[in-house]
Amino acid sequence: MRYILGAIFIFDISGFEFRGFVHFSPPNCPFCPLIMTLIEQVKELHAEGLYSNLKILASMLLTMSDHSTDMFPPMCKYQLQAYFADSLYETLEYKRAEAMYRKALQQRKAASKNNRAKTSSSTPPQQWQPSEVDLKYRIYQCHMHLKENRDAMSILESVPAKQRTAKVNMALGKLYQKAGMERSAVSCFKEVLRQCPLSLEAILCLLALGVKVAEVAGMTMAGVQGLQNSEWLSSWIKGHAYITTKDYSRAINTFNTLDKKTLLRDNLEVLGALGDSFYKANDYKNAVAKFERIHMLDPYLLKGMDLYASLLAKENKADELQQLGTALFQVSDRQPEPWITLGYHCACVKRHTRAIYFAAKAYQLNQESVQALLLKGSTLQQIEKTQEAILHYREVMRMVPDRLESYEGLVECYLSNGRNREAVSVALNACKTLGYTPSTLTLYASVLMEDPVSQDKAKSTLDRALSIKPDYLKAVTMKVKILQIKQKYEEAIELLRSQLVNQSLCVLHQLLGDCLSAVSDYQEALDQYSIALSIDPTDQKSLEGLQRIEKNGNNLEANQDEDVDAMEDEEEAELLGSDAEAQWSDQEQWYGVQ
């Protein structure tokens, strides 16, 4: 069965075979109804998500239209190109999709310029669907998948400001923010909030860019007036504002209230913000508890699990990391979190090459993954590739200046290379950027204590840190080490005993054992090492302390045995001497009598 399509070629439907062109002028209508039937079929495939089928059909129809420019009216060809580009995009052919979207744009522009509406369709090109803005947004998506940020920004900027939709402004704002164009980013995010007052990510972006919380809250609350159950919104905004201003104690209190006293109990977003606040406040124990709760509530959630993995790695929990990584890989292997988790597991069990590979894979999947860079940097540092580690830590500082781990890693790398001046500069920069917190003050003290001249200043810096947070473990252990260097063991013992009242930790018992051993209190030192090993049987320093005491005890017993033997020899010699004298005296007396 044959039909004449567009009056220009013969098409056999039964065999889907092209038979050639004919010259025929259709009466009355500008194109054959069968053309519309084909376009409707293309639309149906697109609507049903049958993109692999659509890709084949659209490719063939476009090839036919290339051989006969009058086969499809301009609007139909434009739609066919757009649908074909969509099918390429959905089947992950981003470069081909981007090229086809641009062809569709050119088709639209040519139709607008030539104003062929009279000969093709009653619909003017300005009303064709998809719109020009949607087409440019899809081109932006292709560039983002291809990691071509500059081209992505350029195509969005070509959309006139008055025609930009909320999603265009949101995407453009993120690109501006990433490029450091903060004023332009703020304008875009404000426009998003004006159009959609409950765009919560836009709120977070504005707060991160330094916009005052009162202004952000005013724009949001004005747009949601009269909405029921919206009282949580102001608290949520305040909580995130506290995070951006590094007031973590208030942020924790705010999110705790949302979790316990509102309808948002067990909400993953609130718990995630709470865990992040604990983490940035260096309260790792509570941070782990929150992320563990999140994972229990939703085992399929990947967001934040990379940070959870880093916290488990700090506690050297290799088995839990392996279990978590296995569970996350069952969710997806196209996101960085599962790879980062297994990377931390490998780092814990000293499989450094594998850890570096997993970190690189995670970064390849998402080049905004800060945790992937930190994992790779710390692993490179462990295998003494400090120069490469420094590059990774610097990149983290560029991306997110508020991550303490990047400053700590840089300081350790510089100190290991003898670059103390650079280490001091980084530590001071951390204090200025993150504030004079217990963690930054302790980092600064760690640099000062490397120089014997500045150890007193390091001790006073640690005292300042402990005045803010009396149980901050890093500051406690560092101060004890300074006291040990200065041989002020009694002061160190007093500090450790006061800390052990509230936190019985392996490292504190081990340090107390060292100090007690230094003042020759071996029995209590032995007890402290034993307690430390009961907490962590693999603690090497406690094992070494026990061995030293046992060795000293053996040497003491040996010396005591030698002293006893010497005393016995002396006594025996004295007895022999006294017997000889008695014998000679008896002989003399006998001869005298004779």
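Reader: With which residues is E408 in contact, leaving aside its neighbours within four places in sequence?

Author: Contact here means heavy atoms within 4.5 Å, and by that criterion E408 is in contact with L443 and K474, its neighbours within four places in sequence being left aside. This is a predicted model, in which local features need pLDDT of at least 70 and side-chain atom pairs count only at pLDDT 80 or more, whereas totals for chains, interfaces and linings use all residues. Residues are numbered from 1 along each chain as its sequence is written, and side-chain values use heavy atoms, with hydrogens and water left out.

Reader: Is E408 buried or exposed?

Author: Buried means under 20% relative accessible area, exposed over 50%, and partly exposed in between, with a 1.4 Å probe and protein chains only; E408, at a relative accessible area of 13%, is therefore buried.

Reader: What is the largest nonpolar core, and which residues have the most contacts inside it?

Author: A nonpolar core is a set of buried Ala, Val, Leu, Ile, Met, Phe, Trp, Tyr and Cys residues joined through side-chain atoms within 4.5 Å. The largest one has 109 residues, and those with the most contacts inside it are L61, Y101, Y140, L156, F189 and F255. Helix α3 (residues 74-90) contributes the largest share of this core, ten residues, helices being DSSP runs of H or I with at least four residues, numbered from the N terminus. Not counting residues up to four places away in sequence, Y140 touches A152, I155, L156, A171 and L175. Another core, of 56 residues, lies apart from the largest one and has L380, L410, I493 and I549 among its members.

Key. Helices (H or I, at least four residues) and strands (E, at least two) are DSSP runs, numbered from the N terminus.
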